[in-house]
Amino acid sequence: MVTRLSRPFRSVRHMTELAAQLDERGIDLIVLKQGIDTITPAGRFLFHVIAAMDEMTADLISEGTLEGLESARARGRSGGRPPALTELQVLEAREMYDERDTSGKRKYTLTQIAETFGMSRKTIYRHLDRGEHDAAQKSK
């Protein structure tokens, strides 16, 4: 017994497979809010129709979301959080990271660089890695 068909299932295929497994075990499915009872032929039919409608609704929502994201990209907008460091800060961090003392060791530790910019070490690493990736892409 479930309240709605869309709750326990991911897709029509998953729904029908689970319904078949329940049927094999002699278990009937009753959906309370949608008035579906798979004991009767009409209930089984309604089960499949509503399952297909639920999947179509989910597909339409997904499609609309993708179209919205594409439209936003076309207008120059991108989702997600903005980068923590500006391009200039990334260059400065890269220079600090690459700078060596007279013995050839790094002049600044990653912790010191992170403290300079008020960021975590992980954030500095991520931006330094992205800078290397971007430079490799530009040289192609």
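Student: How many helices and strands does the protein chain have?

Tutor: Helices (H or I, at least four residues) and strands (E, at least two) are DSSP runs, numbered from the N terminus. The protein chain has 5 helices and 2 strands, in the order α-β-β-α-α-α-α from the N terminus on. Residues are numbered from 1 along each chain as its sequence is written. In this predicted model, local features need pLDDT of at least 70, side-chain atom pairs count only at pLDDT 80 or more, and totals for chains, interfaces and linings use all residues, while side-chain values use heavy atoms, with hydrogens and water left out.

Student: Which residues of helix α4 are buried, and which are exposed?

Tutor: Buried means under 20% relative accessible area, exposed over 50%, and partly exposed in between (1.4 Å probe, protein chains only). In α4 (residues 110–117), Leu110, Ile113, Ala114 and Phe117 are buried. They lie on the same side of α4 because they cover an arc of only 100° around the axis, taken from the directions from the helix axis to the C-beta atoms. Glu115 and Thr116, on the other side of α4, are exposed.

Student: Which residues make up the largest nonpolar core?

Tutor: In soluble globular proteins, nonpolar side chains tend to be buried together. A nonpolar core is a set of buried Ala, Val, Leu, Ile, Met, Phe, Trp, Tyr and Cys residues joined through side-chain atoms within 4.5 Å. Here the largest has 11 residues, including Leu85, Val90, Leu110, Phe117 and Leu128. Helices α3 (87–98), α4 and α5 (121–139) each give two or more residues to this core. Another core, of 10 residues, lies apart from it and includes Leu29 and Phe47.
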